[in-house]
Amino acid sequence: MDYVRLGSTGLKVSRICLGMMSYGSTEWREWVLDYDRAEPIVRRAVELGVTFFDTADMYSLGASEEITGKLLGALFDRREDYVLATKVYHPVGDGPNDRGLSRKHIMASIDTSLRRLGTDHVDLYQIHRWDRETPIEETMEALHDVVKAGKARYIGASSMWAWQFAKAQHVATVNGWTRFVSMQNHYNLAYREEEREMLPLCLDQGVGVIPYSPLARGVLARAGRGGTTRAESDAFLKQLYQGTDFAVADAVAEVAERRGVPSAQVALAWLLRQPAVTAPIVGATKLPHIEDAIAAADLTLTDEEAAALEAPYVPHAIAGHV
């Protein structure tokens, strides 16, 4: 496993980040794994060198953070040995202040997340989306105070328009507040719209990119065909991807067949060769999922293979910002 800096910071993260959304409660999503089923997968990830883990307060309405904290506490000897990220924004209750990026919600949410995670700090505290109802000045000052209180080491953002991200960074700079060091965006071979503005912005500003859905919610791993429990119940998947994405998935399968490796390895290897990408966030509900992700980090595609993978792409409507 390689370890790289997160953007221009001094923080080192594993080249693969394990997404913890898959672990929590089936009451939230039927494909989610409980602690006992998640443990061997996370253990294997740790054995293979993964030290970067991403969750959110809204995953399984807090159960993911609880399981994440217990698993990492059991699998690592020291808190300093892993990098822990969580997020805030989406609803976690029915109250009017149980969502968004107001100062009230951020301050309440970081404390609640820390209690569930069983730690006194997270390494990366991220805003899950842009809050149109809260002034960005209020949000950035609250996040700065979270960092200064020692409850987070760094802050990051997730899917939004590039102009919004630039505005947030500017507000932080002119006020002497903490700037975002990472962008967790929707980016993979089947959805490349981030290449237009967000990725060039992150490269220019030294912001680490940790894309989610690196396999297009399984579309690229299954060559766009063949249902799974998640695929059959994931309405969002149908909104994100379209019929033309099957051609991209087929191109992945063709390169994978020639290489004698699973499609997932090829799709991830392509993402890892993109200069802006620090560490894809990989979900794993089976042991081979995490093993394929680690193997992808050692798979070097040729320029010709990369071109063949990119050729079938058809531009998409912007998706993932809400």
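The model is a predicted one, so local features need pLDDT of at least 70 and side-chain atom pairs count only at pLDDT 80 or more, while totals for chains, interfaces and linings use all residues. Residues are numbered from 1 along each chain as its sequence is written, and side-chain values use heavy atoms, with hydrogens and water left out.

To start with the inside: in soluble globular proteins, nonpolar side chains tend to be buried together. A nonpolar core here is a set of buried Ala, Val, Leu, Ile, Met, Phe, Trp, Tyr and Cys residues joined through side-chain atoms within 4.5 Å. Buried means under 20% relative accessible area, exposed means over 50%, and partly exposed is what lies in between (1.4 Å probe, protein chains only). The largest core holds 88 residues, and L18, Y23, V42, F53 and M140 touch the most other members. Helices (H or I, at least four residues) and strands (E, at least two) are DSSP runs, numbered from the N terminus. Leaving aside residues up to four places away in sequence, L18 has contacts (heavy atoms within 4.5 Å) with residues including Y23, V42, F53, V282 and I290. There is also a second, separate core of 12 residues, with V13, A85, L124 and I210 among them.

Next comes helix α3, which spans residues 103–117. Its 15 residues reach 21 Å from first C-alpha to last, close to the 21 Å expected at 1.5 Å a residue; the expected span is 1.5 Å times one less than the number of residues. Buried in α3 are H105, I106, S109, I110, S113, L114 and L117. They sit on the same side of α3 because they cover an arc of only 155 degrees around the axis, the arc being that of the directions from the helix axis to the C-beta atoms. On the other side, K104 and R115 are exposed. The cover over the buried residues of α3 includes α2 (63–75), β5 (83–88), β6 (122–127) and α4 (136–148). Just after α3, G118 takes a positive phi of about 70 degrees.

Finally, N188 lies in the loop between β8 (180–184) and α6 (198–205). N188 counts as buried because its relative accessibility is 0%. Its side chain reaches the backbone nitrogen of Y191 at 2.8 Å and the backbone oxygen of S213 at 2.6 Å. The C-alpha atoms of N188 and A216 are separated by 6.4 Å, although these residues are 28 residues apart along the chain.

Methods
A polar contact is a pair of N or O atoms within 3.5 Å; within protein, one must be able to donate a hydrogen and the other to accept it, and residues adjacent in sequence count only if both atoms are side-chain atoms.
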